[in-house]
Amino acid sequence: MAIRGELFTTQVTLDKRNYFFNVKENRNGDVFLQIVESKIKDGEDDRRAIVVFSEDMKKFFAGMDESLKFIEKEEKERAKARAEKKAAKEAKFGAQADGDSAPAKKIYRRKGESRLVAEKRAAKKDTRIHVVSKRKTSDLTEY
């Protein structure tokens, strides 16, 4: 038996957190799993631990499996909803002509310009718009 009754330990590092899964044995010979989360917060090591005894592990992991199944199902439903939303948007506004998945170019209209004129202008190769300030240079003050 190792120090502090450790029989087995493994570490998982995710982003700024470390998780330790320690299988330990206490003085009475009871085997348990200790899960420790460690992260650095405000320059200090913040550690939190939970303990699951061997007789409760099946129920604990059954609950964990149920939670994982729910998360996977929820992710699939969200992906399906995103795909349906994208298909509806493409049906409404039309898919890209060249098959490119890049978003459509946004067309800005000038004051008093019709939508058709703006689309024709945007279809040209050079679609830059020159914006001129309405302020007079005499209105600006120097600091």
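Strands, on which the first views rest, are DSSP runs of E with at least two residues, numbered from the N terminus, and two strands pair if DSSP finds at least two bridges between them. The model is predicted, so local features need pLDDT of at least 70 and side-chain atom pairs count only at pLDDT 80 or more, while totals for chains, interfaces and linings use all residues. Residues are numbered from 1 along each chain as its sequence is written, and side-chain values use heavy atoms, with hydrogens and water left out.

**View 1. Strand β2 pairs with strand β3 in the antiparallel sense.** Nine bridges link β2 to β3, the latter covering residues 31-41. Within this pairing, lysine 24 stands opposite phenylalanine 32 of β3. Five residues separate the two strands in their hairpin, and in the turn glycine 29 has a positive phi of about 90°.

**View 2. Strands β1 and β2 run antiparallel.** Strand β1 comprises residues 6-14 and strand β2 residues 17-25, with eight bridges joining them. Phenylalanine 8 is located in β1, and its bridge partner in β2 is valine 23. In a regular strand the side chains alternate between the two faces of the sheet.

View 3. Aspartate 15 has a positive phi of about 50°, although it is not a glycine. With a relative accessible area of 83%, aspartate 15 is exposed; the term exposed means over 50%, buried means under 20%, and partly exposed lies in between (1.4 Å probe, protein chains only). Lysine 16 is likewise classed as exposed, at 76% relative accessibility. Beyond its neighbours within four places in sequence, lysine 16 is in contact (heavy atoms within 4.5 Å) with Ser38, Lys39 and Ile40. The C-alpha atoms of lysine 16 and isoleucine 40 are separated by 7.4 Å, although the two residues are 24 residues apart along the chain.

**View 4. Aspartate 42 lies in the loop between β3 and β4.** Strand β4 spans 44-53. Aspartate 42 is not a glycine, yet it has a positive phi of about 55°. Its relative accessible area is 75%, so aspartate 42 is exposed.

**View 5. Phenylalanine 32 and phenylalanine 53 form a tilted aromatic pair.** Rings of Phe, Tyr and Trp (its six-membered ring) pair if their centres lie within 6.5 Å; planes under 30 degrees apart count as stacked, over 60 as edge-to-face and the rest as tilted. A search of the whole structure finds two such pairs. In the pair shown here, the ring centres of phenylalanine 32 and phenylalanine 53 are 5.6 Å apart and the planes stand at 50°, so the pair is tilted. Because phenylalanine 32 lies in strand β3 and phenylalanine 53 in strand β4, the pair ties together parts that are 21 residues apart in sequence. Phenylalanine 32 is buried, at a relative accessible area of 13%, whereas phenylalanine 53 is partly exposed at 33%.

**View 6. Phenylalanine 60 and phenylalanine 61 form an edge-to-face aromatic pair.** Their rings are 5.3 Å apart centre to centre, with 80° between the planes. Phenylalanine 60 is partly exposed, at 28% relative accessibility. Phenylalanine 61 is also partly exposed, with a relative accessible area of 35%.

Notes. Helices (H or I, at least four residues) and strands (E, at least two) are DSSP runs, numbered from the N terminus.
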